[in-house]
Amino acid sequence: MKKITLLTKITFHVFNLCLVTLYLYPGSILGWIIYNDFQKQPQITSDFFVFSSNHTYAFTILSLLGLFSYKDKKIVILFSYLFFISIALELSHIIIPNRNFEYSDFFGNFFGVLLVLIFFNIFKFLKIANEK
C-alpha cells in the first residue's frame with residue numbers, strides 16, 4: 001500500500017509540475033507537439049457552458065491525484081493550494097507574452113477543483129452517516 005501511495009504522490013507532483021510548465025510557457029507546447037504550431041490549442045471536447053473543458057479536465061485530474069495522494073492528511077492545505085494555483089496560473093496569463101487571460105479557462109480551473117472537493121465532502125458525509 002505504501003508503494004501505491006508513493007507512486008500516487010510522485011504522479012501528483014509530476015503532473016503538477018507539467019501543468020505549471022504548460023501554463024507558464026508563452027505559447028502552446030501541446031499545440032506545437034500535435035499541430036507544429038505554438039498558437040493553436042488542442043481541444044479535447046467542446047466547452048461546458050462558461051467552463052473550458054480542457055481546464056476542467058486538467059484540474060479535476062490534478063485534484064483527484066492530490067486527494068488520493070494525501071487522503072485525509074492535510075486536505076485543507078491541499079485544497080487551499082489547488083484553489084490558489086487554479087486562480088494564480090490563469091491570472092499569470094495577463095502578463096505572459098502570447099497568452100491571454102480567459103474567464104472560461106479561469107472558471108474551468110476553479111470548477112475542476114470544486115467538483116472534486118464537493119464529491120470528497122459527499123463521500124465523507126456518507127461514510128460518517130454509514131458508521132452511525
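Where does Ala58 sit in this chain? I will come to that residue in a moment, after a word on what we are looking at.

This is a predicted model, in which local features need pLDDT of at least 70 and side-chain atom pairs count only at pLDDT 80 or more, while totals for chains, interfaces and linings use all residues. Residues are numbered from 1 along each chain as its sequence is written, and side-chain values use heavy atoms, with hydrogens and water left out.

Let me start with the overall layout. The chain holds five helices and zero strands, where helices (H or I, at least four residues) and strands (E, at least two) are DSSP runs numbered from the N terminus. Read along the sequence, the pattern is therefore written α-α-α-α-α. The C-alpha trace spans about 55 × 35 × 25 Å along its principal axes. Of the 132 residues, 34% count as buried, a term that stands for under 20% relative accessible area, with exposed meaning over 50% and partly exposed in between (1.4 Å probe, protein chains only).

Now back to the opening question: Ala58 is placed in helix H3. Ala58 is called buried because its relative accessible area is 16%. From Ala58 to Lys2 the C-alpha distance is 26 Å, and the two are 56 residues apart in sequence.

Next, the surface. Tyr25, Leu30, Trp32, Ile33, Ile34, Tyr35 and Phe38 make a nonpolar surface patch of about 690 Å². Patches are made of residues with over 30% relative accessible area and no salt bridge, with like charges joined within 9 Å and nonpolar side chains (Val, Leu, Ile, Met, Phe, Trp, Tyr) joined within 5 Å. A salt bridge, in turn, is a side-chain nitrogen of Lys or Arg within 4 Å of a carboxyl oxygen of Asp or Glu, and the accessible areas come from the Shrake-Rupley method with a 1.4 Å probe, where for residues only the protein chains shown count as cover.

Let me turn to the pockets. On a 1 Å grid over the protein atoms alone, a pocket is an open set of points with protein on both sides within 12 Å along at least five of seven lines, where a cavity would be a set of points where a 1.4 Å probe fits but cannot get out; lining residues have an atom within 4 Å of a point. The largest pocket has a volume of about 750 Å³, a volume being the space filled by probe spheres set on grid points that are joined across faces, edges and corners. Its lining has 29 residues, of which Gln41, Pro42, Asn54, His55 and Arg99 lie nearest the centre. The elements that give two or more residues to this lining are helix H1 (2-24), H2, helix H3 (53-70) and helix H5 (103-131). By class, the lining of the largest pocket has 13 nonpolar, twelve polar and four charged residues, with Ala, Val, Leu, Ile, Met, Phe, Trp, Tyr, Cys and Pro counted as nonpolar, Asp, Glu, Lys and Arg as charged, and the others, Gly among them, as polar.

The second largest pocket has a volume of about 310 Å³, and of the 13 residues that line this pocket, Leu67, Phe68, Phe119, Phe120 and Phe123 are the closest to its centre. H5 gives the most to this lining, with seven residues, and the classes here are eight nonpolar, one polar and four charged. Phe119 belongs to helix H5 and is partly exposed, because its relative accessible area is 43%.

Finally, the loops. Which residue other than glycine has a phi near 45°? That is Phe49, with a positive value, found in the loop between H2 and H3 and counted as exposed because its relative accessibility is 84%. As background, most residues other than glycine have a negative phi. Asn98 also has a positive phi, of about 65°, although it is not a glycine; Asn98 is placed in the loop between helix H4 (75-91) and H5, and counts as exposed at 54% relative accessibility. Ile96 lies in the loop between H4 and H5 and is buried, because its relative accessible area is 13%.
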